[in-house]
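Please open the model in your viewer and keep the selection tool at hand. The stops below say what to select next and what is there.

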Amino acid sequence: MSGTYLVTGGAGYVGSVVAAHLLEAGHRVTVLDDLSTGFREGVPEGAEFIEGRIQDAARWLDGSYDAVLHFAASSQVGESVTRPEKYWNNNVGGTMALLDAMREAGVRTLVFSSTAATYGEPEEVPIPEDALTAPTNPYGATKLAVDHMIANECAAHGLAAVSLRYFNVAGAYRSANGTVLGERHDPESHLIPLVLQVALGQREAISVYGDDYPTPDGTCVRDYIHVADLAEAHLLALGAAEAGEHLVCNLGNGSGFSVREVIRTVREVTGHPIPETAAPRRGGDPAFLVASAERAKRRLGWRPSRAELKDIVADAWAFARERAARSESGGGS
């Protein structure tokens, strides 16, 4: 049965892939994005596009929508430390306006893009949903505040909501029309696209921040999840949402890969030597950050089908090369 969905932030990396999955499942999709970090060409073919802010969602949201999938947020950890006011305004203020608009329009289902940054430095690994939430930066703090806000909305007004807390998203997705949707940030801060920049000759070497962690090879271990697996979890969450309940689910592979494992895999996939440079540890980087996704498996029926790091890197590499080729031919980035 088809539905009608509003995808906020649907011109961004994860939002665009989720919008594409919704369309391919036969649903009607409207993307709301202010293009501050998203890209107009990232909006999948077949989706209606509204250029606007979530603070103004009430202008477009009405009772014809079955649910909202909410990705619109500021998400750079470093920037959140230097400009916390932007993050409280966009992430918390924007979501408050969105919840008000949903209540007024009678739209009673929400899937929220949350983050593992709500946990801070974990006391146990793999991290369960009932672990202590102690964010170490304003980005994580604002996402946790939104989770609390959603929980209150569910209890007071019967909203059906699922928050999906994910860890390191990577890879790319080729949509039904052949368009490849992948990861691009400005500035880029995620490991896999940074290492791929070295392979493309856009960066001389990759910095390894600390090699003396209590891990098998001394570098940090992180849980990577393919963006298409992530998108499938969002569609499953729509069916699992229940009135009056705020369900929180972690998404991850349940086993991590170290920084050096990622670099070795990129070398294997690209054939490039990928020079490394040693750098000091970064403050607040835990040795292990790996999810327990048992609740998502139990409540959503979700299991990642693209868990191999080599496959994740290969898809990201295909997107990076296509993007580089377009740039060289004058077709934009």
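Contact, in this tour, means heavy atoms within 4.5 Å, and helices (H or I, at least four residues) and strands (E, at least two) are DSSP runs numbered from the N terminus. This is a predicted model, in which local features need pLDDT of at least 70 and side-chain atom pairs count only at pLDDT 80 or more, while totals for chains, interfaces and linings use all residues. Residues are numbered from 1 along each chain as its sequence is written, and side-chain values use heavy atoms, with hydrogens and water left out.

Begin with helix α3, residues 84–105. Its 22 residues should span 32 Å at 1.5 Å a residue, and the end C-alpha atoms are 31 Å apart, which agrees; the expected span is 1.5 Å times one less than the number of residues. Next, select the buried residues of α3, which are Tyr87, Asn91, Val92, Gly94, Thr95, Leu98, Leu99, Ala101 and Met102. Here buried means under 20% relative accessible area, exposed over 50%, and partly exposed in between, with a 1.4 Å probe and protein chains only. These buried residues of α3 pack against β1 (4–8), β4 (67–70), α2 (77–82), β5 (109–115) and α4 (138–157). Just after α3, Gly106 takes a positive phi of about 80°.

Now turn to the backbone of some loops. Most residues other than glycine have a negative phi, and most peptide bonds are trans. Select Leu35, in the loop between β2 (28–33) and β3 (48–51), where phi is near 60°, a positive value in a residue other than glycine; Leu35 is partly exposed, with a relative accessible area of 24%. Then select Ile274, in the loop between α7 (259–270) and β15 (276–279), which is not a glycine either but has a positive phi of about 50°. Is Ile274 buried or exposed? Ile274 is buried, at a relative accessible area of 0%. In the loop between β5 and α4 you will find Pro126, which a cis peptide bond joins to Val125, with omega about -5°.

The next stop is a set of charged side chains. A salt bridge is a side-chain nitrogen of Lys or Arg within 4 Å of a carboxyl oxygen of Asp or Glu, and by this rule the count comes to 19 salt bridges. Select Glu129 and Arg295, whose side chains meet in one of them at 3.9 Å, N to O. Glu129 lies in the loop between β5 and α4 and Arg295 in helix α8 (residues 294–300), so the pair ties together parts that are 166 residues apart in sequence. Glu129 counts as buried at 11% relative accessibility, whereas Arg295 is partly exposed at 26%.

Glu245 and Arg299 also meet in a salt bridge, at 3.1 Å, N to O. This pair links distant parts of the chain, with Glu245 in the loop between α6 (227–240) and β13 (246–251) and Arg299 in helix α8, 54 residues apart. For a network of salt bridges, select Asp100, Arg103, Arg108 and Glu153 together.

A charge sits over a ring if NZ of Lys or CZ of Arg is within 6 Å of the ring centre and within 35 degrees of the ring normal. The charged end of Arg281 sits over the ring of Tyr213, 3.9 Å from its centre, and Arg282 lies over the face of Tyr209, at 4.5 Å from the ring centre.
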